[in-house]
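Q: I have a structure open here and would like to go through it slowly. Could we start with the metal and then move on to other features?

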Amino acid sequence: MADCLFCSIAAGETAATRVLESPRTIAFSDISPQAPTHVLVIPKDHYPDLAALAGAEAGLLDEVAMLAHRIAAAAGIDETGYRVVFNTGPQAGQTVQHVHAHVLGGRGITWTHG
Ligand code: 5GP
Ligand code: ZN
């Protein structure tokens, strides 16, 4: 989609530190990390939010979740614990309208978010 930052990253037109990928998803480091591990997982195709992703082609949401787990395993935090977050809509602070899962870990993560 034109004028979408994460479509541009998926296409390799905007630089990002890529971590892992699967056939339909990619993962890259967040530019403003909130934890020692802070990686974003996106579908390569454009879906604006979690609801759209959940209604997308079969297995795509599973693939995002699987890549999130692979990131945690690669970072060595799959057993100590990590958090996967989909900020959805303005009150949750979604700033990029291309669905993305935040994978956060490497420190104790409290429940309440500012
Ligand atoms: P949201 O607030 O929509 O849940 O998350 C958007 C995330 O994208 C933020 O954590 C922000 O730091 C990250 N971000 C914004 N612009 C860029 C960028 O150009 N490159 C990367 N790697 N991350 C970005
Ligand atoms: Zn997009």
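**The zinc site and beyond**

A: The 4 donor atoms around the zinc ion (ligand 2) subtend angles of 107 to 115°, so the arrangement is tetrahedral, a label used for four donors if all angles lie between 85 and 135 degrees. This is a predicted model, in which local features need pLDDT of at least 70 and side-chain atom pairs count only at pLDDT 80 or more, while totals for chains, interfaces and linings use all residues. Residues are numbered from 1 along each chain as its sequence is written, chains are lettered from A and ligands numbered from 1 in the order in which they are written, and side-chain values use heavy atoms, with hydrogens and water left out.

Q: Which atoms coordinate the zinc ion (ligand 2)?

A: The SG atoms of Cys-4 and Cys-7 and the ND1 atoms of His-46 and His-98 coordinate the zinc ion (ligand 2), at 2.1 to 2.3 Å; donors are N, O and S atoms within 2.8 Å of the metal (3.2 Å for Na, K and Ca). Cys-4 lies in the segment before α1 and His-46 in the loop between β3 and α2 (50-54), so the pair ties together parts that are 42 residues apart in sequence. Helices (H or I, at least four residues) and strands (E, at least two) are DSSP runs, numbered from the N terminus.

Q: And is Cys-4 buried or exposed?

A: Cys-4 is buried, with a relative accessible area of 9%, whereas His-46 is partly exposed at 22%. Buried means under 20% relative accessible area, exposed over 50%, and partly exposed in between, with a 1.4 Å probe and protein chains only.

Q: New topic: how many salt bridges does the structure hold?

A: The structure holds 4 salt bridges, each being a side-chain nitrogen of Lys or Arg within 4 Å of a carboxyl oxygen of Asp or Glu. Arg-18, Glu-21 and Lys-44 are linked in a network of them, and in the pair of Glu-21 and Lys-44 the closest N and O atoms are 3.1 Å apart.

Q: What about Arg-24, which residue does that one pair with?

A: Arg-24 forms a salt bridge with Glu-63, with the closest N and O atoms 2.8 Å apart. This pair links distant parts of the chain, since Arg-24 sits in the loop between β1 and β2 and Glu-63 in helix α3 (residues 60-75), 39 residues apart. Glu-63 is buried, with a relative accessible area of 14%, while Arg-24 is partly exposed at 27%.

How values were computed: Four donors count as tetrahedral if all angles lie between 85 and 135 degrees; four count as square planar and six as octahedral if opposite donors are over 155 degrees apart and all others between 65 and 115; anything else is irregular.
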